[in-house]
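Have the structure open while you read.

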Amino acid sequence: MKRALPVAVAAVSLVALLAPPAAAADTYKNYADLAAHEREGTDYRRIQRFPSGAKVAHIAIHGGAIESPTTQLADHAAGSRYAFYSFVGLKLDGNSKLHITSTRFDEPRALKLVGAVGTTVSWHAAAGDKVTTYVGGRDKALIKKVSRELRAAGFRVAAEVPQEIGGDDPRNIANRNRRGMGVQLEISRGQRKLFFADGKLARAWVEDPAHRTKAFYSYVAAVNRALR
């Protein structure tokens, strides 16, 4: 007869099953290191907008084919009202090499843009087929509002956020705005697939707005309602 697992061990096992796996170590320690080895315009590009008077920034520092479709989500959320920044992976393959973790992402244009606003929403892709969003960061009030609006729109929000994607480190670029606090959205692969026809997340596919589903627009609208 098999012995039952101790309660503590069983609990840890359950958390491990529910949480997205930890990311592999970054290839580059910071932006200067990356820029010395990769070609801007071929391997990656930086894009941004800063409408006059913008007090909110939607950013996607792992955009393009690094974490699809975070560029498109942040871009649409920003629209013409809010500031927008994305570091976009352009490689035909191996874009994970361009990933610089949020606490070490020091690309100058991004730092300047985020530092000029009081509120930041940082868009990321989490692993896992479970349809959910992990809402982290240091802006506790906005975290509650975003979570509430997403749930009201019919989207699942995780009750707990794994520490490795919690987004509450002061060095995290989401928190390097004027108030020192922002929100980090980690959207599971299962949820992201529902944003596009046929569940495809290839860069060429998500770059075509014709492939977006109603869920894409509903999700972005819910996040922006929390910013009012």
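## Who sits beside Tyr85

Start with Ile59: its bridge partner in β3 is Tyr85. This is a predicted model, so take what follows as computed from that prediction.

Zooming out to whole strands, β2 (residues 56-64) and β3 run parallel and are joined by six bridges. On the β1 side there are six bridges as well, but β1 and β3 run antiparallel.

## Is β3 buried or exposed?

Strand β3 covers residues 83-89, and seven of its seven residues are buried. Which way do the side chains go? Ala83, Tyr85, Phe87 and Gly89 point one way from the strand, while Phe84, Ser86 and Val88 point the other way. Both sets are buried.

Asp43 sits in the loop between α2 (31-35) and β1 (44-49). Where does its relative accessible area fall? At 9%, Asp43 counts as buried because the cut-off is under 20%.

What does Asp43 touch, leaving out residues up to four places away in sequence? Its contacts include Val88 and Gly89, two residues that point opposite ways from β3. Asp43 also touches Glu38, Leu90, Lys91, Asn95 and Leu98.

Methods
Residues are numbered from 1 along each chain as its sequence is written. This is a predicted model: local features need pLDDT of at least 70, side-chain atom pairs count only at pLDDT 80 or more; totals for chains, interfaces and linings use all residues. Side-chain values use heavy atoms; hydrogens and water are left out. Helices (H or I, at least four residues) and strands (E, at least two) are DSSP runs, numbered from the N terminus. Buried means under 20% relative accessible area, exposed over 50%, partly exposed in between (1.4 Å probe, protein chains only). Contact means heavy atoms within 4.5 Å. Two strands pair if DSSP finds at least two bridges between them.
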